[in-house]
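Hi,

Here is the structure I promised to pass on.

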Amino acid sequence: MLDADLAELYDVPTKAFNQAIKRKAERFPEDFMFRLSQEESDSLRSQTVILEPGRGKYRKFLPYAFTEQGVAMLSGILQSHRAVQVNIAIMRAFVRMRRMLVSHEELARKLAALEGKYDSQFRVVFDAIRALMEPPKHRRRRIGF
């Protein structure tokens, strides 16, 4: 998760959020938090089609990205009631996401075992099931009606 998104969830300005993180930098090794590269940051920014005019609306520094462990470590730094509730919600979301990934892997393993067990006449069925298991391809929204 990005620092600006987390700061918004915790209801603090991104600058204050990052200052709190820098004061406790020893709690955030590279596998807990890292800074995006310029290319990654530009890629995120290019997602916004129209940029608002005005001075001071955009970041001077590259954003930080937090892993699941980094988000967990935030609970020791941000100690408001809201921070505790947000942290609990985020951790639950990570747990749900991990469960979904594990169940998907399990299904793929079972499908591979079945495919090896049965002959080629069921290949079409197995191919169709695999196609359904793939994540949807990103479709561009049409402009207009």
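A quick definition before the rings: I call two rings of Phe, Tyr or Trp (its six-membered ring) a pair if their centres lie within 6.5 Å, with planes under 30 degrees apart counted as stacked, over 60 as edge-to-face and the rest as tilted. On that basis Y10, F17, F28 and F66 form one aromatic cluster.

Some housekeeping: this is a predicted model, so to speak of local features I need pLDDT of at least 70, and side-chain atom pairs count only at pLDDT 80 or more, while totals for chains, interfaces and linings use all residues. Residues are numbered from 1 along each chain as its sequence is written, and side-chain values use heavy atoms, with hydrogens and water left out.

**Aromatics**

Searching the whole structure turns up three aromatic pairs. F17 and F66 make an edge-to-face pair, because their ring centres are 5.8 Å apart and their planes sit at 75°. That pair links distant parts of the chain, 49 residues apart: F17 is in helix α2 (residues 14–23) and F66 in strand β2 (residues 64–66). Helices (H or I, at least four residues) and strands (E, at least two) are DSSP runs, numbered from the N terminus. F17 and F66 are both buried, where buried means under 20% relative accessible area, exposed over 50% and partly exposed in between (1.4 Å probe, protein chains only).

F66 also pairs edge-to-face with F28, at 5.9 Å centre to centre and 85° between the planes. F28 lies in the loop between α2 and β1 (33–35), so its pairing with F66 in strand β2 ties together parts 38 residues apart in sequence. F28 is buried, as is F66.

**Charge over a ring**

R35 lies over the face of Y64, 4.2 Å from the ring centre. The criterion is NZ of Lys or CZ of Arg within 6 Å of the ring centre and within 35 degrees of the ring normal.

**Helix α2**

Which residues of α2 are buried? They are F17, N18, A20 and I21. Seen down the helix axis, the buried residues of α2 fall within an arc of 155° (taken from the directions from the axis to the C-beta atoms), so they line one face. On the other side of α2, K15, K22 and R23 are exposed. The buried residues of α2 pack against α1 (3–10), β1, β2 and α4 (68–74).

**S41**

S41 sits in helix α3 (residues 38–45) and is buried, at 16% relative accessible area. Neighbours within four places in sequence aside, S41 is in contact (heavy atoms within 4.5 Å) with L62 and P63.

Cheers
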